[in-house]
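User: I'm still learning to read protein models. Could you pick one part of this one, look at it closely and take me through it step by step?

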Amino acid sequence: MFWSAPLPSVRLDDEQQANTYAIWREVKRQYPERSAALALAMIVNAWDESRIENVCRTDAEDSCGLFQLNAGGNSVAKALSEETPDGRLNPTKNTRGILELLRATGGEVFAALDRNATVAEIAGIFRRDVERPADRVAKGEFTERSSQTVWPQYWNTKADDLPSLRMTWVPLSPGQIALVAAVAAGGVYYMRSKR
């Protein structure tokens, strides 16, 4: 039985909801066998980093997008920042960028999933080890607490008590809907042309 990907309990506009589902889709695509706790934890991080908006910081940092990828921080963010328009502002590309960083620096995140940590613990470790902000420990603790606001129903849920991402249903993106419609239209055209 499929579990429907939830939206956070914080107030979100239509764009923030679409961005949240973009995160769900990308995490599910890359880690289908992992607990949905991974996506829940990443959404807390996107909330703390950008309020799940495609924005750029206006301070001295060159950080943009859902996970505020810093152009000077690593090769993934640098490559995205050099696209026109800035690839970090695309929610799917931004999520793929942070997932690349997770593969490189997320050993403790995966260890937390394997030891059946809570969503809040995983979110804090993700912030500390993958996002790597200034004052990493304090920001990780902040994100762990923030989980209670973003996911009051899941923050204290253990990873093994949630379904795998493979068993999580996520609404289609506008691009996926267009593709399905095009395939269906092609099928109808083919059937009519055979008559």
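**A helix crossing and its surroundings**

Let's start where H1 and H2 meet: their axes come within 10 Å and cross at roughly 140 degrees. By the cut-offs, an angle over 145 would count as roughly antiparallel and 65 to 115 as roughly perpendicular, so H1 is oblique to H2. The crossing itself is right-handed. Keep in mind that you're looking at a predicted model.

Which residues make this contact? On the H1 side they are Gln 16, Thr 20, Ile 23, Trp 24 and Val 27, and on the H2 side Leu 38, Ala 39, Leu 40, Met 42, Ile 43, Ala 46 and Trp 47. Sort them by type and you get ten nonpolar, two polar and no charged residues.

Now hold on to Trp 24 from that list, and follow its ring. There are five aromatic pairs in the structure. One of them joins Trp 3 and Trp 24, with 6.0 Å from centre to centre and 70 degrees between the planes, an edge-to-face arrangement. This pair links distant parts of the chain, since Trp 3 sits in strand E1 (residues 3-4) and Trp 24 in helix H1 (residues 14-30), 21 residues apart. Are these two buried or exposed? Both Trp 3 and Trp 24 are buried.

A second pair is made by Trp 151 and Tyr 154. Their ring centres are 5.9 Å apart and their planes stand at 65 degrees, so this pair is edge-to-face. Trp 151 and Tyr 154 are both buried as well.

Leaving out neighbours within four places in sequence, Thr 168 is in contact with Phe 2, Trp 3, Ala 5, Trp 24, Lys 28, Ala 36 and Pro 163. You'll find Thr 168 in strand E4 (residues 168-169). Why does Thr 168 count as buried? Its relative accessibility is 0%, and the cut-off for buried is under 20%.

The axes of H2 (residues 37-50) and H7 come within 9 Å, crossing at roughly 105 degrees. That puts H2 roughly perpendicular to H7. Val 44, Asn 45, Trp 47 and Asp 48 of H2 meet Phe 142, Thr 143, Ser 146, Ser 147 and Val 150 of H7. The residues of this contact divide into four nonpolar, four polar and one charged.

With 56% relative accessibility, Asp 135 counts as exposed. Gln 68 also has a positive phi without being glycine, near 45 degrees. Gln 68 belongs to the loop between strand E2 (63-64) and strand E3 (69-70), and at 6% relative accessibility it counts as buried.

Pro 85 is placed in the loop between helix H3 (75-81) and helix H4 (91-105).

One more stop, in helix H5 (residues 107-114), where you'll find Glu 108. Glu 108 and Ile 125 are 17 residues apart in sequence, and their C-alpha atoms are 6.9 Å apart in space. Not counting residues up to four places away, Glu 108 touches Ile 125, Arg 128 and Asp 129. Glu 108 has a relative accessible area of 45%, so it is partly exposed.

Finally, zoom out to the whole chain. There are eight helices and four strands, running β-α-α-β-β-α-α-α-α-α-β-α from the N terminus on. Of the 195 residues, 47% are buried. And of the contacts with a separation of 6 or more, 65% are between residues 24 or more positions apart.

Note on methods
Residues are numbered from 1 along each chain as its sequence is written. This is a predicted model: local features need pLDDT of at least 70, side-chain atom pairs count only at pLDDT 80 or more; totals for chains, interfaces and linings use all residues. Side-chain values use heavy atoms; hydrogens and water are left out. Helices (H or I, at least four residues) and strands (E, at least two) are DSSP runs, numbered from the N terminus. Buried means under 20% relative accessible area, exposed over 50%, partly exposed in between (1.4 Å probe, protein chains only). Contact means heavy atoms within 4.5 Å. Rings of Phe, Tyr and Trp (its six-membered ring) pair if their centres lie within 6.5 Å; planes under 30 degrees apart count as stacked, over 60 as edge-to-face and the rest as tilted. Axes are lines fitted to C-alpha atoms, for helices over the stretch in contact, and angles run from 0 to 180 degrees between N-to-C directions. Angles under 35 degrees count as roughly parallel, over 145 as roughly antiparallel, 65 to 115 as roughly perpendicular and the rest as oblique. Ala, Val, Leu, Ile, Met, Phe, Trp, Tyr, Cys and Pro count as nonpolar, Asp, Glu, Lys and Arg as charged, and the others, Gly among them, as polar. A crossing is left-handed if the near helix is turned anticlockwise from the far one by less than a right angle, and right-handed if clockwise.
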